[in-house]
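Subject: Structure handover

Hi,

Here is the structure you asked for. Please open it beside this email and follow along.

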Amino acid sequence: MSQLPEIVSRIKNAINSATTLEDLRSQKSTIVGDKSELAKISQGLGQLDAAERARLGKAVGQARGEIAELFEKRYSELERARDLRVIDEERVDVTLPTHRHPSGGLHPLTLINNEIAEIFTAIGYQTVEGPELEAAWLNFDALNIPADHPARTMQDTFFIDPLESNLVLRTHTSPSQIRTMLSHQPPIYVICPGRTYRSDELDATHTPVFSQVEGLVIDRGISMSHLKGTLDFFAKEMFGAEVVTRLRPSFFPFTEPSAEVDIFFNGRWIEWGGCGMVNPEVLKTCGVDSNEFSGFAFGMGLERTLMVRHNISDIREIVEGDLRFSKKFGMGGR
Ligand code: FA5
């Protein structure tokens, strides 16, 4: 009986000094369970005489009740502390930036190239490509551009060292016409997209490296009306069904007659590209019988096409490769 207060106080201390739920749980059996000191005292009560048993029994019972209550109280406190800690540790800050993994995408010029290829594939054309480093003969002579033509001067053309190599960076996609006619028998229905080079200064409307798409048809009975119809179709596919085209007389050494093709878009006429009936001189150079076959060709700049269609005022936006620009075209990524 005399040891009871000391035992109770030791147990209460143990309960109060438990700092975690696990700590308290691990002591449960020795504090409140059947193996606890007080439980053992209760079990030994039978050996005492009745008066002593009643006195000690009551005191032990009371002490066990107090301890069980304290245990429950401490248990709930520690449980609550654990819950608060978990909530704090597992809190998600929804305003934090996520780990971004931008996916790659296609440049607007690639997208428009693909689009044009699809438009013409749908009407039976094939896509052919030629080299960017081109023989001067294919870039100029075979296209009926004589040696003294202004386009051949140093101002427009990037010549390749040594000059005797007779290589140039192609100034247009038209040498692909020649390559196609030299290697294929008519009928020919092709488009030739590709990168082209001119020694123009980079400004809002010019770039020394730009893209063109050439169209070439050689068949029996091909006339200017086929050219006009094809350009109408192409323009409507590119700019929308309401677009109208017009041909303005012009000059290119490789076409006769030649024309500029304009489109009426957003309330004004805009120059889109050059075109014409393939010059019989060019057909002759390529071994195509001009009595049997005739053809048309057209060529337009793709940067300028994008500029018109998407209301881009400065060509540098297209060539500088800023992702913020490209993303507007659905090139993918975030
Ligand atoms: C030609 O290059 C002719 N080969 C087109 C052609 C093909 C005519 C077949 C007849 C038959 P031109 O020099 O006008 O034509 O150039 C065509 C287009 O290229 C221009 O309308 C323009 O959109 C684009 N272009 C020319 N120079 C530049 C440049 N420095 N920067 C961006 N685009 C350019």
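A nitrogen atom of the ligand is 3.1 Å from a polar backbone atom of T207. That falls within the limit for a polar contact, a pair of N or O atoms within 3.5 Å; within protein, one atom must be able to donate a hydrogen and the other to accept it, and residues adjacent in sequence count only if both atoms are side-chain atoms. A polar atom of the D200 side chain lies 2.7 Å from one. For S174, a polar side-chain atom is 2.9 Å from a ligand nitrogen.

How much of the ligand does the protein bury? Alone, the ligand exposes 680 Å², and the protein buries 91% of that. Accessible areas come from the Shrake-Rupley method with a 1.4 Å probe; for residues, only the protein chains shown count as cover.

This is a predicted model: local features need pLDDT of at least 70, side-chain atom pairs count only at pLDDT 80 or more, and totals for chains, interfaces and linings use all residues. Residues are numbered from 1 along each chain as its sequence is written, and side-chain values use heavy atoms, with hydrogens and water left out.

**The pocket**

The ligand sits in the largest pocket. A pocket is found on a 1 Å grid over the protein atoms alone: it is an open set of points with protein on both sides within 12 Å along at least five of seven lines. A molecule sits in one if more than half of its atoms lie within 2 Å of its grid points.

Which elements give two or more residues to the shell around the ligand? They are β5 (209-219), β8 (268-278) and β9 (294-301). β9 gives the most, with four residues. Helices (H or I, at least four residues) and strands (E, at least two) are DSSP runs, numbered from the N terminus.

In total, 22 residues surround the ligand, each with a heavy atom within 4 Å of it. The closest are H172, S174, R198, D200 and T207. The shell divides into eight nonpolar, ten polar and four charged residues. Here Ala, Val, Leu, Ile, Met, Phe, Trp, Tyr, Cys and Pro count as nonpolar, Asp, Glu, Lys and Arg as charged, and the others, Gly among them, as polar.

**Buried residues**

P175 lies in helix α7 (residues 175-183). Is P175 buried or exposed? P175 is buried, because its relative accessible area is 0%. Buried means under 20% relative accessible area, exposed over 50%, and partly exposed in between (1.4 Å probe, protein chains only).

N279 is in the loop between β8 and α9 (280-285). At 11% relative accessibility, N279 is buried too. Its side chain reaches the backbone nitrogen of E281 at 2.9 Å.

Most residues other than glycine have a negative phi, and most peptide bonds are trans. Look at these exceptions.

- The peptide bond from D161 to P162 is cis, with omega near -10°. P162 is in the loop between α6 (136-139) and β3 (167-169).
- The bond from E256 to P257 is cis, with omega near -5°. P257 is in strand β7 (residues 255-265).
- N144 is not a glycine, but has a positive phi of about 65°. N144 is in the loop between α6 and β3.
- N311, not a glycine either, has a positive phi of about 55°. N311 counts as exposed, at 67% relative accessibility.

Best wishes

Methods:
1 Å grid on protein atoms, 1.4 Å probe; cavity = no way out; pocket = protein on both sides within 12 Å on 5 of 7 lines; lining within 4 Å.
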